[in-house]
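Q: Could you give me a close look at the charged side chains here? Once that's done, please connect them to the rest of the chain.

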Amino acid sequence: MLARAVAQDQVGHAYLFLGASCSGKSTAAKIFAAAMNCERQPAAAPQHLNTPTPQHPNTSTSVADWRLLPCGECESCRRIAAGTHPEVLEVRPESKGGQNISVDQSREIRRNAALRPKMGKRRLFLIPNAEAFNEESANALLKTLEEPSPFVTLILCAPNPSQVLPTIRSRCQIVRFGLASSEEIAEALTSRGTTPEIARELARACGGRPGLALSWAQTPSVLQARRRVLDLFAQVVAAGEKASRDPALGVLSLRLAEQMRGLVVSEKGEEDGPARPAKVLHSENLEIGLGYLRDLLLLCERADPLLAQNQDRLPELAGLASRTSAAWVLEQIESVREAQQLLDRNVAPQVVLERMFWALLRGRLPVAGRLYEGALL
Ligand SMILES: [Zn+2]
């Protein structure tokens, strides 16, 4: 659909890309932006007809036959890839500690959207967190969405439609990003040099999100870390909702927190590549744990097991699901999300993890205001 719009010079003025995190929204937005501004033609073309597309095996002339083909070599393409193109502006939430897109940011988009591009054909605004608009900043953007300049395109991204204000949603063309099959992901990984065995494991573990698999493939130790994180969460779930009054769980919670913290320390020690901040590694580990709990919730609710992210842990998850309730799992998910928020606010990982495992095993603690202020740095 996007490729055909480029080829036929009918690019819309606002798109909303919807899909899970790491499902390819931002990557697609960049390729789309590059194709629109590529200095060489054609930037989009029908795909070779002999190559069947897995999602549309029976449609021979569908939109799936088109591909975005920016050259990747011209100055425009190179600048977009490097994030330095003057007409491709990324707007990230700036107010409320990176939670919200502010009214000022919306006004700045409006001002910039009125100016003609100096380089290339179109001025683009990439907004990776469309869920970060509040009523006021959304209202400040409406004029831009309603009466756009002919040379402007906005690409907004969000995990799901309910998180985007209806005023914005209704003025965008919706593009949905599904999850990729593990075969496709494994194939993509091997074509980039990952060994088939590791590619298969990554593909099974990433829950259909190619971005996650690609980033994990850069860090060989991540699969091992993932296994350990999942083991820790399996222990928490196995300890279960009934055990919450056992005083020994306090000791266990500290031990689990220490083990989880140790994963990041050892990963940072082993890695040869550029060191990533401990906060990011901790946050990824929490995301892995969250995925495990979501799978458990799916199974508690008797959803299709194929929807689970952690396909390789299904038998274990099914066993645990038969002994827990959805309400309890939801409570656990809330505790992990709270831990993620505290990490985002730069609370020390040790404090965050101890607090989280305590909450997971013994029930949640009230949130101390000063914890959010970062007083426990
Ligand atoms: Zn190009």
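**Salt bridges and their surroundings**

A: Let's begin with Lys-143, which counts as partly exposed because its relative accessibility is 45%. Its salt-bridge partner is Glu-147, and the closest N and O atoms of the two are 3.4 Å apart. Glu-147 has a relative accessibility of 56%, so Glu-147 goes down as exposed. The cut-off matters here, because exposed means over 50% and buried means under 20%, with partly exposed in between. Keep in mind throughout that this is a predicted model.

That pair is one of several. Searching the whole structure turns up 14 salt bridges. The background idea is simple: side chains of opposite charge can pair when their charged atoms come close.

Another salt bridge brings together the side chains of Glu-90 and Arg-92, at 2.8 Å from N to O. Glu-90 has a relative accessible area of 42%, so Glu-90 is partly exposed. Arg-92 comes out at 44% relative accessibility, so Arg-92 is partly exposed too.

Now go to Arg-355 and Glu-338, whose side chains meet in a salt bridge at 3.0 Å, N to O. Arg-355 sits in helix H16 (residues 349-362) and Glu-338 in helix H15 (residues 326-344), so this pair ties together parts that are 17 residues apart in sequence.

The zinc ion has four protein donors: the SG atoms of Cys-38, Cys-71, Cys-74 and Cys-77, at 2.3 to 2.4 Å from the ion. Why call the arrangement tetrahedral? Because the 4 donor atoms subtend angles of 103 to 121° around the zinc ion. For reference, the ideal angle for four tetrahedral donors is 109.5 degrees.

Along the sequence, the spacing of the zinc donors reads C-x32-C-x2-C-x2-C. Cys-38 lies in the loop between helix H2 (25-37) and strand E2 (44-46), and Cys-77 in helix H3 (residues 75-82); this pair is 39 residues apart and links distant parts of the chain. Cys-38 is buried, because its relative accessibility is 2%. Cys-77 has a relative accessible area of 4%, so Cys-77 is buried as well.

Of its 377 residues, 44% are buried. Among contacts with a separation of 6 or more, 72% are between residues 24 or more positions apart.

For a spot that's well covered, look at strand E1 (residues 14-18). Of its 5 residues, 5 are buried, so E1 is largely enclosed by the rest of the structure. In a regular strand the side chains alternate between the two faces of the sheet. Here, Ala-14, Leu-16 and Leu-18 point one way from E1, Tyr-15 and Phe-17 point the other way, and all are buried. E1 runs parallel to strand E6 (residues 152-158), with 5 bridges joining the two. In that pairing, Ala-14 stands opposite Leu-154 of E6. E1 also runs parallel to strand E7 (residues 173-176), this time with 4 bridges, and Leu-18 has Arg-176 as its bridge partner in E7.

Asp-9, in the loop between helix H1 (2-7) and E1, has a positive phi of about 55° despite not being a glycine. With a relative accessible area of 67%, Asp-9 is exposed. Arg-302 sits in the loop between helix H13 (278-300) and helix H14 (314-321). Arg-302 isn't a glycine either, yet has a positive phi of about 55°. Arg-302 is exposed, because its relative accessible area is 76%.

Technical notes
Residues numbered from 1 in each chain as written. Predicted model: local features only at pLDDT ≥ 70, side-chain atom pairs only at ≥ 80, totals over all residues. Heavy atoms only, no water. Donors = N, O, S within 2.8 Å, 3.2 Å for Na, K, Ca; no water. Tetrahedral: all angles 85-135°; square planar, octahedral: opposite > 155°, others 65-115°. Buried < 20%, exposed > 50% of the residue type's maximum accessible area, 1.4 Å probe, protein only. Salt bridge = Lys/Arg side-chain N within 4 Å of Asp/Glu carboxyl O. Contact = heavy atoms within 4.5 Å. Pairing = 2+ DSSP bridges.
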